[in-house]
Amino acid sequence: MSQDTLKRAAAQAALDYCLAKIGDDAVIGIGTGSTVNHFIDLLAPHRGRIAATVASSEASTARLRALQIPVWDLNSVAEVTVYVDGADEINPALEMIKGGGGALTREKIVAAVAREFVCIADAAKRVDHLGRFPLPVEVIPMARSHVGRQLRALGANPEWRQGVVTDNGNYIIDAHDFYPIAPARVLEERLNNIAGVVANGLFALRPADVLLLARPGGVETIRAR
Ligand code: 5RP
């Protein structure tokens with residue numbers, strides 16, 4: 001079974017999960033990435049059953065609009081009913097590394113407004129300890145070298161994701177060699193305190209509430225331990 005088949009299975013499970021518990025006033029938060037793209041495609045025939053979506057990237061917004069799924073500005077929403085997003089790594093506490101697609105800052109903002117965060121992932125994303133996946137850090141362009149030095153001082157090996165500009169007009173530095181990251185909340189806060197860092201890809205202060213993990217044998221519903 002291919003990884004993409006597993007991603008689609010996780011997305012289908014998320015759609016079933018959402019439709020079973022939301023009303024027609026629901027606002028669904030939409031993450032970013034290939035797993036979420038399956039979710040958007042599967043949501044399209046059911047768009048009449050929700051009020052709208054809010055999106056975590058220009059790419060997701062464009063895909064939603066192309067399928068005539070309404071997208072609202074997050075500022076017009078007091079609460080997101082459920083946020084559906086993928087992850088690059090997720091641990092047993094449902095803390096994650098995200099931002100492989102560079103959308104970490106908007107993803108973190110939508111997650112902060114969400115009543116419930118549902119992570120959808122294929123089995124390859126499930127890890128015991130975070131940090132083998134390089135940790136994305138979004139930085140203000142003029143702070144790139146400064147943040148790189150600070151990351152090196154913390155023991156990481158920073159790599160500028162050259163040619164990539166985020167939806168917010170910033171750069172991404174991928175911090176290698178932080179493995180194993182524990183406790184993740186401490187590192188998340190520490191990185192947030194570096195001048196010039198907009199956001200980092202650790203989602204530990206606001207982890208997922210539910211993980212829908214697709215394995216060849218089926219999709220498992222996992223809650224945080
Ligand atoms: C984008 C993300 C994605 O959720 C993460 O990279 C997983 O992507 P995919 O579903 O394509 O494997 O954080 O910024």
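Student: Where is the place of L94?
Tutor: L94 sits in the loop between β4 (89–90) and β5 (96–97); strands here are DSSP E runs of at least two residues, helices are H or I runs of at least four, and both are numbered from the N terminus. This is a predicted model, where local features need pLDDT of at least 70, side-chain atom pairs count only at pLDDT 80 or more, and totals for chains, interfaces and linings use all residues. Residues are numbered from 1 along each chain as its sequence is written, and side-chain values use heavy atoms, leaving out hydrogens and water.

Student: What is phi of L94 near?
Tutor: Phi of L94 is near 65°, a positive value in a residue other than glycine.

Student: Why are α2 and α3 called roughly parallel?
Tutor: Their axes come within 10 Å and cross at roughly 20°. Axes are lines fitted to C-alpha atoms, for helices over the stretch in contact, with angles from 0 to 180 degrees between N-to-C directions. Angles under 35 degrees count as roughly parallel, over 145 as roughly antiparallel, 65 to 115 as roughly perpendicular and the rest as oblique, so α2 and α3 are roughly parallel to each other.

Student: Which residues make the contact of α2 with α3?
Tutor: From α2 come V36, N37, I40 and D41, and from α3 come S60, R63 and L64; contact means heavy atoms within 4.5 Å.

Student: What makes something a pocket rather than a cavity?
Tutor: On a 1 Å grid over the protein atoms alone, a cavity is a set of points where a 1.4 Å probe fits but cannot get out; a pocket is an open set with protein on both sides within 12 Å along at least five of seven lines. Lining residues have an atom within 4 Å of a point. The largest pocket is lined by 13 residues, with A55, W72, D73, L74 and R106 nearest its centre.

Student: How is the lining of the largest pocket divided by class?
Tutor: Seven nonpolar, two polar and four charged residues. Ala, Val, Leu, Ile, Met, Phe, Trp, Tyr, Cys and Pro count as nonpolar, Asp, Glu, Lys and Arg as charged, and the others, Gly among them, as polar. The second largest pocket has two nonpolar, eight polar and five charged residues in its lining.

Student: Which peptide bond from Y179 is cis?
Tutor: The bond from Y179 to P180, with omega near -10°. P180 lies in the loop between β9 (171–176) and α6 (184–192). P183 lies in that loop between β9 and α6 too, and the bond from A182 to P183 is cis, with omega near -5°.
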